[in-house]
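Student: Hey, I've got a structure to go through for class. Can we look at it together?

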Amino acid sequence: MVRLAVDEYPLEACGLVAGPPDADGTAGDDGSAWYPCRNAAESARVYTIDPKDHLWAELDADDHDLAINAVVHSHTHTEAFPSPTDVASAPDPDWHYVIVSLKNETPDVKSYRIVDGEIAPESFEIT
């Protein structure tokens, strides 16, 4: 995730994460598959996951009995905190929203839940 953000700089990078669904079929919390996606917006300020990449990720995840459960994108000039645009475009309250900030020399990675416009930071572990 961080490598993609650095490689795509000065544009925002984006991708999807999938993992095993919970017993009730909702998106689980573990991520075992990473799907780098093209930023169709080709912007340093916003991202739009390329629809073809999104479809490919959904189909591949489904083929492996996984569910998309997180979206990752970079902030090239701001902190690793959801912007108003991020909050407005958050597609699924079950998803994790991971942001890689490249504002400082060392990338900063943080994760959030966004439900009904409310932002809740969450802890996570990359293994």
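Student: Okay, so which residues line the largest cavity?
Tutor: Keep in mind that this is a predicted model. The lining of the largest cavity is made up of Y47, V71, H73, P82, D86, S89, A90, Y97, V98, I99 and I114.

Student: And how much space lies in the largest cavity?
Tutor: About 60 Å³.

Student: Which strand gives the most to that lining?
Tutor: Strand 4, with three residues. Strand 3 (67–75) and strand 4 (96–101) each put in at least two.

Student: What's the lining like by class?
Tutor: For the largest cavity, eight residues are nonpolar, two are polar and one is charged.

Student: What does the R38 and D50 pair tie together?
Tutor: Both residues lie in the loop between strand 2 (33–37) and helix 2, so the pair ties together parts that are 12 residues apart in sequence.

Student: Is D50 buried or exposed?
Tutor: Buried, because its relative accessibility is 10% and the cut-off for buried is under 20%. E42 is exposed, with a relative accessible area of 54%, while R38 counts as partly exposed at 40%.

Student: What else does D50 do at the start of helix 2?
Tutor: A side-chain oxygen of D50 comes to within 2.9 Å of the backbone nitrogen of K52.

Student: Why does the span of helix 2 agree with its number of residues?
Tutor: Helix 2 (residues 51–63) has 13 residues, and at 1.5 Å a residue they should span 18 Å. Its end C-alpha atoms are 18 Å apart, so the two agree.

Student: And what happens just after helix 2?
Tutor: D65 takes a positive phi there, of about 55°.

Terms used. Residues numbered from 1 in each chain as written. Predicted model: local features only at pLDDT ≥ 70, side-chain atom pairs only at ≥ 80, totals over all residues. Heavy atoms only, no water. Helix = DSSP H or I, 4+ residues; strand = E, 2+ residues; numbered from the N terminus. Expected span 1.5 Å × (residues − 1). Polar contact = N/O pair within 3.5 Å; in protein donor to acceptor, adjacent residues only side chain to side chain. 1 Å grid on protein atoms, 1.4 Å probe; cavity = no way out; pocket = protein on both sides within 12 Å on 5 of 7 lines; lining within 4 Å. Points joined across faces, edges and corners; volume = space filled by probe spheres on them. Nonpolar A, V, L, I, M, F, W, Y, C, P; charged D, E, K, R; others polar. Buried < 20%, exposed > 50% of the residue type's maximum accessible area, 1.4 Å probe, protein only.
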